[in-house]
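Trainee: Could you walk me through how to read strands, helices and cores in a model like this one? I'd like the general idea first, then the case at hand.

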Amino acid sequence: MTYRPIGIVALLLPLLVASSLPAAVPDEVRFNQHVRPILSNCFYCHGPDEKHREADLRLDTREGATAAAIVPGQPDESVLLDRVASHDESELMPPPASKRARLTAEQIATLRRWIEQGAEYEGHWAFLPLASDPPPAVKNQDWPHNPIDQFILARLEREGIAPSPEADEATLIRRVTLDLTGLLPTPKEVETFTREFAAQQEQAYAALVGRLLDSPHYGERWGRHWLDQARYADSNGYTIDSQRAMWPYRDWVIQALNDDQPFDQFTIEQLAGDLLPEATKKQIVASAFHRNTLINEEGGTDPEQFRHEAVVDRVNTTAAVWLGLTVGCAQCHTHKFDPITHREYYELFAFFNSTTDVNNKGATLGVAPGEMFGEQPETLPPLPEADEHFAQRKAQWERQQAEQRAASDSSQKPQWQPLTYIEFDTATGAGLKLLEDNSLLADGRGADNETYRVVAKTDLAQIAALRLRVLTHESLPKQGPGLAGNGNFVLTRLSLSAAGAEQPFASAWADHEQPKFAISGVFDDDPGTGWAINVGPGSTAKMNAGHQAVLVLEKSLAVDGPLEVKLFHELNDGYLVGRFALEASATIPPSPATIDDKLAAALTTPDDKRTPAQAKLVRDAFIAADPPSRAAQAKRDRAIAKSAALMVMKELDQPRETFVALRGDFLRPDKALGPLQPGGLSFVAPPLPAQAGRTRLDLARWLVHPENPLTPRVTMNRIWMRYFGRGLVETEEDFGSQGSQPTHPELLDWLAGELIRQGWSQKAMHRLIVSSSTYRQASKHRPELTESDPRNLLLARQERLRVEAEVVRDAALSASGLLDRAIGGPSVMPPQPAGVYSFTQNDKKWIAETGSSRFRRGLYTLFFRSAPYPLFTTFDAPDFQTVCTRRVRSNTPLQALTVANDEAFVEMAQGLAARVIGDIPTVDIEARLDRAFLLCLCRPPSERELAVLQGFYDRQLTDLAADGDRAAALLSTELKKSSTQAAAAALVLVCRAILNTDAFITRE
Amino acid sequence: MNEPTQNLKSVTRRHFFGECAVGIGALALNALLQQDGRAVPLKIDPANPLAAREPHFPAKAKRVIFLFMAGGPSQLDLFEEKPKLRELHGQPPPPSLLAGRRFAFLKGTETLLGSQRKFERVGECGMELSELLPQHRKIVDEVCWLRGLTTDVFNHGPAKLFMNTGFNAPGRPAMGAWATYGLGSQSRDLPGFVVLQSGPRGPRAGASLWSSGFLPTSYQGVPFRGNGDPILHLKSPPGVTRAAERDFYDTVAELNEARLDEVGDPEIMTRINAYEMAYRMQTSAPDLVDLSQESAETLEMYGVQAGQPSYATNCLLARRLVERGVRFVQLYHTDWDHHGDQANNLSGALEARCQEVDRASAALVMDLKQRGLLDDTLVIWGGEFGRTPMGEVRESIGRDHHIDAFTMWLAGGGVKPGFILGQTDELGFGVTEGKVHVHDLQATIMHLLGFDHQRLTYRFQGRDFRLTDVHGKLVHEMLA
């Protein structure tokens, strides 16, 4: 049979519930309400995209339409009507080949009447200024708690529907606690509320809401929603997907929400905190919002390509989060339906196109745990400058540098003389082989942390410097020059001795250094540092090639007999130098030119005239050359390493040029059009101030300008969505012309206006919504409404909502009493099943926490984009590759298996049983079931539920009493102390059953 | 117009279908239908989103097994005999052939690399097969050979996403998700889209390769694991017997029914069904992987070694999965990335990969045929791209990623058997005839499953998305 995939329901719903849609032709035709839904079918070919515009006709503007197709007031003269009603297939619009359905008689009649009435256009509703309709009058004046209810009730009264009664107090406290904190209330909180509610309903509820909004867990709950939009994760994404430390940003979000930072400031700091004048550390941390983009660490990638991808993601995310617009289409071409041009897309792009990161870490900022919550970071070890002789040694070093330079300037070029090897061996006697070109090749058969020893002589009378050349060879992995699998090595120390006396080095440089593995590491006293040569993403250097390092002696050495050189490899097993050669010079060689020029310029500048950059250059060069300073700096750096190096936004000194990328291809910049200036979207008010050099800060301020109607609408719509399962605009991610219409447009605008009037306070908005009668209704389905409002669009009841993935975990943790309530900090690794990473390219290290960190809230679980924690994926958490403004809610067998059998949930069932036994020590199953229900559902079981669970308990108890091994297997260490093991084990099974009910993972 | 399937919560729809559609005038329905005027969403029963559905037109393929050779096998050493390339071995490639091409690792100084492998024309179709795939000779006339594949992206992660989701960045639904979204599944006891994996590591891009993207998560691929439980959390907790487990599931169902009666939310019915399926999977999944039910001949035919996770085992599992009604099975076998490194070269490493997949791939086709399943099961073999005609100099000479011409094969499910489509130039740089872009292949696979790829769409963020993005042409020549 041939099946026509027709979403009948989807098509019928508006007819049934949205009386704004015409069943027949309305008397007064309104463009937005009646005509736009019809004409929007035409915009694909007759819309804003001029490249695909057919017949040079556009119907999305009055000017375009009246130029050819429409004669206002004269339907019979309007070609449009002929074409949509034509019986000639070659004439008919939309053309049959477009697979767009032909217009109905009603639609054509609507168009006709609209043309008769003058064919007036209106802008798209979402782009119009906020309307300021006062809350409407209602008949039932007892019901509304606040203006929200007047808007909702007025509409219900129009339809002749009464709202639902208020939910019972158990449901209310569980609902509002889950909604505001993502946790379950404790039995004590339930009891207090129930008692107070019986006496003073309104006061009790207001006190409850106030307490929850003041709870630090509020910031965690709503922070999690925000982190979805920030596409927060703990790994770089793509294929290698290494771990990253973005948690200080998460801390910042939690704290900003707990502080109720106004949403406009919240926006500005995240989009442009780094650009604020006198930016505080916290504000720079906030800018990490847009550093949550992916980094591709795969070999052979073009860093510019993935930098471009990251900027694209920043543009698309910004538009989705603040404007509720899908601008991504305009990346390749002018948007088909919304007035976003290809050019405007890249004008937005230009705002984000000039940061220093290039598919790499870019700018970072050290942030310590607790710092975002106002704690003072631990006192760091002092800077090298704290040493009283620092200045003196530095001055001396600078003089020495000047002398060396003078010496090398007077063209005493170093003459590198190869050493003649007399003896060469390794600590374990494995092979070093002398090759014809006077280099030494290691065969790698020795110890993993081998030391090479070379005894050599030279014809030079004195030596001032030693040169180590590391060389490739076909026998080495990837041709070397190291023996590690990728051809790398780590040389942790190099020593030169003459007559048994070790000769200290003063400075060193190499032609290439791996980040954090500088050559200076080979002559400090720290075996944890050394020289290595891997390349970071974006580097043009090559690892598998010959490299050289020069080490300058503190004092020239008068040669009198053989020299002994040792190469140490104390880090990373098997990271040995594979092939090398040693040379000496009698004169001090000049530093490599690249460093030379800048450093020389800095050194010749008097101390007080140096720029900060120059001063830093000199300081760093000195510290690298001065062992005590280097040690002090290393100690300090290690302490800092406990902090996160948070990736933050930082502008280049000179902005990059931005071009339109033809077909969205970064390799095809439209040079003809020329470089673009940063700009906003012309159809969104207000216009950006005309000025050159606009920055992200201007963009952020434009987004939260009180005249910008989209940001407050989109923001309030999403907040609403969290409470009712659906926004007033269901397509919360698309406020463009293809999105859905608001069910309650006046309410949406009132809420958006209220957000601004309340100083952008999100907590004020939460208080407003959860205090409304609308929110407080029962969620029980009403059979009498299944026909008139099957999807509950009119909100004549609350919705039952399955809680999000993290809250599934958090609810079970709070019911069981195991929850670790610590706020913030680095991510943690709760137990997870083995083998989760068998599907990823690189095995990830996952060491399950053993202490209370095992029971941290879900939002702190370490999140690898390529292999998320299985519970989260199963319960519809996104993988955070891109912005997520709304999660789906699926209901699958894998979810059932997870809650039933996941070790973590079994542990929580045991915890719940232990808590119940602790609360009710006597073996009174009815009292215990009562308690378990109170802990999980905030209410006692019904008689029917009690009977079901009692039966289950009795049957299991009988079995378990007869099988002590089975009982023991079900018990945690704590429960094994119980004197009645069978009863405890049966209670574990009962608790497991309660945690597996639909009600437990649902906010009713 | 809202997209009802985006929110499975709105289950009252089911109720609506059952009782309320009556009485709505056909005219009004039609009016709204036409007012919307674009591709209309599927009707999904939210209580059973995997219920089997009929496609747009009768399908040739009822199920798919996609054997994904992750890393990009060298078509020039397996399927493409190029005498001219051998003749010009060691010479720089003609500049005209390099113009406009991008490579991941090549520096521009590389020279042409003739294959070391012996080729032979085999079967009635006369396909050239290299000595590395001896077992493939047995199926050469069952298979539709595509030698003119092209793709858009040359890094592994993006290219794998492109092959699977039609787009080079994560976030779109995989082909298997589209297939189960469109067709549902015929299995009551197993997920509709299953992923199996073999080789030393997972494929690059991980879970985004079998993601349901913006489709409801009921359609995401469920990765079975090679070791231990094939599905996570199948095993009951210690101390819970099968009888106790039945009692547990019944108890949970009774509690849920009590709540359903109280609050009337049909979503609870879905949850009851999901738990029942979970219980069945606890039995069906272990039965699925119990290969002791297979004959010694079958195990030998595939090259399965008992208890050893392998590609061969996964091929056999794939057959057992489709026998049980699973809609889409995808196997990943990794490490085809033969650049010329110690572990990834065109000598020992390529030979090892071929030995691992040759016998079992052929066995799967033959086994499906002898069981009468090949007619309506589509088998697909191939990687995310091919490899360059130029040698890449590393420890040994290997080949870099090549996106402008590579080979795949399909069998069964309505494709033309013993048919070769596509010709490349004499050096294998580009396609001279029979070019099939990845989007064309996807369009054709969708067609075989009974869908017009332009009409199987899903509305998300203001746009109708489909597997083939805004491209793709049905390749008529491939159809039987």
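Mentor: Let's start with one pair of residues: Val455(A) has Glu564(A) as its bridge partner in strand 12 of chain A. This is a predicted model, where local features need pLDDT of at least 70, side-chain atom pairs count only at pLDDT 80 or more, and totals for chains, interfaces and linings use all residues. Residues are numbered from 1 along each chain as its sequence is written, while chains are lettered from A and ligands numbered from 1 in the order in which they are written.

Trainee: What counts as a strand, and when do two strands pair?

Mentor: Strands (E, at least two residues) and helices (H or I, at least four) are DSSP runs, numbered from the N terminus. Two strands pair if DSSP finds at least two bridges between them. Here, strand 6 (residues 452-457) and strand 12 (residues 563-568) of chain A are antiparallel, with five bridges.

Trainee: What is the strand order in the open sheet of five strands in chain A?

Mentor: The order is 3-6-12-8-9, with antiparallel pairing. Strand 3 (420-426) and strand 9 (501-502) of chain A are the edges, each pairing on one side only.

Trainee: Why is strand 13 of chain A called largely enclosed?

Mentor: In a regular strand, side chains alternate between the two faces of the sheet. A residue is buried if 20 or more other C-beta atoms lie within 10 Å of its own, exposed if 12 or fewer, and partly exposed in between, with C-beta atoms placed from the backbone. Strand 13 (residues 579-585) of chain A is largely enclosed by the rest of the structure because seven of its seven residues are buried. Arg579(A), Ala581(A), Glu583(A) and Ser585(A) cover one side, with Phe580(A), Leu582(A) and Ala584(A) on the other.

Trainee: Which residue in strand 13 of chain A is the bridge partner of Leu466(A)?

Mentor: That's Ala584(A). Strand 7 (residues 462-470) of chain A runs antiparallel to strand 13 of chain A, joined by six bridges.

Trainee: And how do I read a nonpolar core?

Mentor: It's a set of buried Ala, Val, Leu, Ile, Met, Phe, Trp, Tyr and Cys residues joined through C-beta atoms within 7 Å. In the largest one, of 326 residues, Ala913(A) and Val990(A) touch the most other members. Helix 34 of chain A gives the most to this core, with 13 residues. Apart from it lies another core of 48 residues, including Leu466(A) and Phe489(A).
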